[in-house]
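This report looks at how side chains pack in one protein model. Please keep the sequence and the coordinates at hand while reading.

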Amino acid sequence: MDGVSFSAEPLALVSFVAYLLLIILIGLYASRFSSQGISEYFVGGRRMNRFVVALSAVVSGRSAWLLLGVTGMAWSVGVQAVWSVIGYIVVEVWLFLYYARRLRRFAEVHNVITIPDFFAARFPAQEKLIRIVLVAIILIFMSGYVSAQFVAGGKTFVSGFGIDPLWGIGITAAIVLLYTVLGGFLAVSLTDVLQGFLMLFALVLMPVLLIAHLGGWAFVVAELTAFDPLLLDPYALGLGAAIGGLAIGLGSPGNPHIISRYLSIENESQLKTACVVGTLWNVLMAWGALFIGLAGRVMFPELSMLPGADTENLFPHVAQTLLHPVFFGLVMAAVFAAIMSSADSQLLVAASSLVRDVVEKMLGQGQQIPQQRLVRLSRLVVVILVAVSLTLGYLAQDLVFWLVLFAWAGLGAAIGPTSVLALYWRRTTGYGVVAGMIAGASVTIIWRLTDSLRALSYELIPGFLAGLLVTVIVSLLTSPPDSADEHFKTMDPSSPKQNPS
C-alpha cells in the first residue's frame, strides 16, 4: 500500500476534515461520563434525551444503504424503490409506540443493558444457553456488518477525494475506533444526532437543487415518462417485489443497534415524542433519497455516465457536479456519517455481548467485578473487534458486501420474532426462544446461499416466519417460566412502575 494521496478540491477537504474533528471532540467530551460503568458505556446510563434517542435510533439503522443504495435503486427501477423504505418506516412507528415502551419498563426493573440481558431475565432457567446462542448470532452477523461499513467508507474516500481505497478503509476504522472507545454510547448517540442533521441536510438540499437545475419537477416527470413510463409506476415489478420491499421492515425489531436506543431513553413517556421526531426524519430522508434517484436518472440517463458504471456512485457524483466544494465536502461528510452511525453502534452491540454477557454474567457469575475494569475491558474489546473487522475488510471485500446483504435479515429473523413474542405472548418459553433464534438465522443463511430459493423472495421473509413458527411450536411443547405473569405486569404500561431489582 503506497503513501496516502489526495486528489480533491482543498475546500471540500477542509470542510470534511472539520466534521471529522468535531466527531473526535464529541468522543473526548463523552469519555468522562462513559468511564463510570458499563451501563453508562453501553446505554448512556438510561438517561438519554428523547430527541437524541429518536435520531440515534433512526440514523443507526440506515447506514450508507439509504444514501448510496436507495438512490441507486431509484435510478434503476424508479418509484418502485418506495417499497423498500415504507416497510421500515411503518414498523419503526410501532416499535417506538408499543414495543419500546414494554421493553423499557422491563429493562429498568431487571437492570437490562443488552438484548441477551432481556432474554436472560425473561427466561432465567435457560439464561446461559440463551446468552451463548445470542452472542454467537450477534458476532457472526455483526462482524460482516462492521467490515462492510469500513469498506463503504473506503469507497466514499475514493469517489470523493481520490484516496486509495485501502487507506480509506483504514482511516474510516481509525476514526470510528477513536470516538467509540473514548465515549461509548453517549459519544455514539451524540454523534448520531449530528450525523442525523447532516444526512437530512444532504437529502433535502440535494433533490431540491437537482430538480431546480434540471428545470423543475414537471420536466423530470416528462423526461422519465419519455425514457420509460414504468419508472413512474410503483406496481411495475408486481406484488411479490412490493412485499419483498415492505419486508425489509421486519428486520428493525431484530437489529440490536436499533433496540439498544430504546433501552437508553430517560423515561418511557418520552417515546411518543421520540416517535414523532424519528418518523419525520425517516420520511424526509427516505423521500429525499428517492427523489435524488429519480432526478439523477434524468441528469445521467445512461449507466456509463456514472463513475465506475455503478449506481451507488450517483449521490456523490451529483453532489460533485452541482455543489460548491465546501458544500460538496459536507455532503461527503453526510455519506461518511451514515456509514459511521451504523459501524459505531454495531461495534458497541458486539462489545456489549462479549463483556456483559460472557465476561460479567457467565465467566464472572457470583463475582463483583469493578465497573471501571469492565469499561476498560469493553474498550479493549472494541479495539480487537475493529482490528478483526478491518482485516476482514482488507482481505475479503467482496465477501463482506455479500455478508451485509443478509446481516440485517439474519439478525431480524433471529431476534425479531422471538423478542416480539417474549414481550407479547405469556406462553413463550426459553427453549422456544432458543429454537426460534437458531431456526431464523439458519433459514436466512440457507435461503441466501440457494439460488433457486433466493429468486423466490427476500431471505428475511422465510427466515422471520421460520423463527416465529418454531418459537411458537417449541413453546407449546415446553413450560413457560413461573415468573411470566409477574413479567407481564412489569411490562404493562397501565400498571404502576415497580422498583428496580
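The model is predicted.

**Core**

The largest nonpolar core holds 138 residues, and those with the most contacts inside it are Y19, L67, F119, Y262, F315 and I415. Helix α14, residues 325-363, gives the most to this core, with 17 residues. F119 touches I415 as well as I130, L134, T418, S419, A422, V433 and M437, leaving out residues up to four places away in sequence.

**A buried threonine**

T444 is placed in helix α17, residues 430-449. Its relative accessibility is 0%, so T444 counts as buried, the limit being under 20%. Apart from neighbours within four places in sequence, T444 is in contact with F406, A409, G410, A413, E459 and G463.

**Aromatic rings**

There are 8 aromatic pairs in the structure. One of them joins W83 and Y235: the pair is tilted, with 5.8 Å centre to centre and 50 degrees between the planes. W83 lies in helix α5 (83-110) and Y235 in the loop between α9 and α10, so the pair ties together parts 152 residues apart in sequence. W83 is buried at 17% relative accessible area, whereas Y235 is exposed at 58%.

W94, Y99 and Y424 form one aromatic cluster. Y424 also has an arginine over its face, R102. The table gives the distance for this arginine and for another one placed over a ring.

| Arginine | Ring | Distance to ring centre |
|---|---|---|
| R102 | Y424 | 4.7 Å |
| R297 | W75 | 4.2 Å |

Conventions
Residues numbered from 1 in each chain as written. Predicted model: local features only at pLDDT ≥ 70, side-chain atom pairs only at ≥ 80, totals over all residues. Heavy atoms only, no water. Core = buried A, V, L, I, M, F, W, Y, C linked by side-chain atoms within 4.5 Å. Buried < 20%, exposed > 50% of the residue type's maximum accessible area, 1.4 Å probe, protein only. Helix = DSSP H or I, 4+ residues; strand = E, 2+ residues; numbered from the N terminus. Contact = heavy atoms within 4.5 Å. Phe/Tyr/Trp six-rings, centres within 6.5 Å; stacked < 30°, edge-to-face > 60°. Lys NZ or Arg CZ within 6 Å of the ring centre and 35° of its normal.
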